[in-house]
Amino acid sequence: MPIIVDAHADIAWNMLKYGRDYTRSAEETRQLEAGGPAVANNDDTLLGWPDYQRGQVSVIFSTLYATPARWSKGENKTQVYKNFDEAHQLYREQLLTYHRMTDSTPDKFRLIASKRDLDLVLDHWQNPTPGSDGHPVGMVVLMEGAEGIRELSELDEWYELGVRLIGPAWVGTRYCGGWNEPGPLTSDGRKLLSAMAEHNFILDLSHMDEQAAVEALDIYRGPIVGTHANCLSLLPNSPSNRHFSDRIIEGVIERDGVVGVVPFNSYLKVGWVAGKSERSEVSLGNVANHIDHICQIAGDALHAGIGSDFDGGFGLQSVPPEIETIADLQKLSFLLEARGYSETDIANILGGNWLARLRRDLP
């Protein structure tokens, strides 16, 4: 099986909001959470260390994410912020959660902040230690929504603590327009991008409104990717600005970036609604369609990847029926092979393209 890299997972958010323990299997967590608020608000989990092992998921982009109060739903307000100071506090606690997690279970999870860190994790997968019952999953830290950055001077500390990617938007922020709140880059946003480039942070265009993303492609001098976004042209009449137009996909490709496809039914079929629509209305073939569309635009298989966003507000009830856990993303291999993709192409799409970007962009 090829190695999988998942470019988007809200691990700390789930740990702190719902108490999920990702050293457990997805099945064990489902049993423990049955009938509880985590399932009611976030579906059954799709993630767990044993599932990462079965699916050869060796690296994940682990997010720092909190919800602005104006978009908060439900009674659990533990990961909700009203102002920049609160956002900073929540994001910092999530980052420290990753440090504690990897310090306490280095056999299962390790932070990746450098090429050396990445190589050590991959070497463990490729050359298993005798007697070992599994491999450490590498965690690259991604800040989703940049309102945890109060002042540009704080970028030094975020970088020192291991953050390597920053997405300025979730919904609209002080930095730019975003999902459901369109708009361009702001003056603060331009200053943020300039400061990010000095540290060679990877810019994540996911959730940025098209106006902001187009300008960012033009002015940002560091590396650019889209960790978790699907293809707008395959979603005709979509009312959402959450998806990437061909113009944005082309821009990411021109910058030698990668776009991670999201196996979320609402992002694969316009009008699919959680709790109302059937899982069977969407198949894993829809995911392959989005991957193929990116590859057709690029003319090669070097710019498409996976950014599952699993457990990020949806789970088992909202993904194609072929998927029971993240391990089942290996089934994409057969679908892509049937479309004429080579073994090398498939290995690149499932993980190699993200690994190539990390090897280029990590210090």
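Start with the charges. Select Lys and Arg as positive, Asp and Glu as negative, leaving out His and the chain ends. The chain has 32 positive and 51 negative side chains, and the centres of the two sets lie 3 Å apart.

A word on the model: it is predicted, local features need pLDDT of at least 70, side-chain atom pairs count only at pLDDT 80 or more, and totals for chains, interfaces and linings use all residues. Residues are numbered from 1 along each chain as its sequence is written, and side-chain values use heavy atoms, without hydrogens and water.

**Whole chain**

Zoom out and show C-alpha atoms. They fill a box of roughly 50 × 45 × 45 Å along the principal axes.

Switch to cartoon. You will find 13 helices and 13 strands. These are DSSP runs, numbered from the N terminus: helices are H or I with at least four residues, strands E with at least two.

Now colour by burial (buried is under 20% relative accessible area, exposed over 50%, partly exposed in between; 1.4 Å probe, protein chains only). Buried residues make up 60% of the 363. Of the contacts (heavy atoms within 4.5 Å) with a separation of 6 or more, 74% join residues 24 or more positions apart.

**Thr63**

Select Thr63, in strand β2, residues 57-64. It is buried, at 0% relative accessibility. Beyond four places in sequence, Thr63 touches His8, Ala9, Asp10, Ala12, Gln94, Tyr98, Leu142 and Glu144.

**Arg24**

Move to Arg24, in the loop between α1 (11-18) and α2 (26-33). Arg24 is partly exposed, at 30%. Its contacts beyond four places in sequence include Leu47, Gly48, Trp49 and Pro50.

**Cysteines**

Last, select Cys231 and Cys295. A disulfide here is a pair of cysteine sulfur atoms within 2.5 Å. The count comes to 0 disulfides. The sulfur of Cys231 is 9.5 Å from its closest cysteine sulfur, in Cys295, too far for a bond. Cys231 is buried at 1% relative accessibility, and Cys295 is buried at 5%.

Notes. Charge placed at Lys NZ, Arg CZ, Asp CG, Glu CD.
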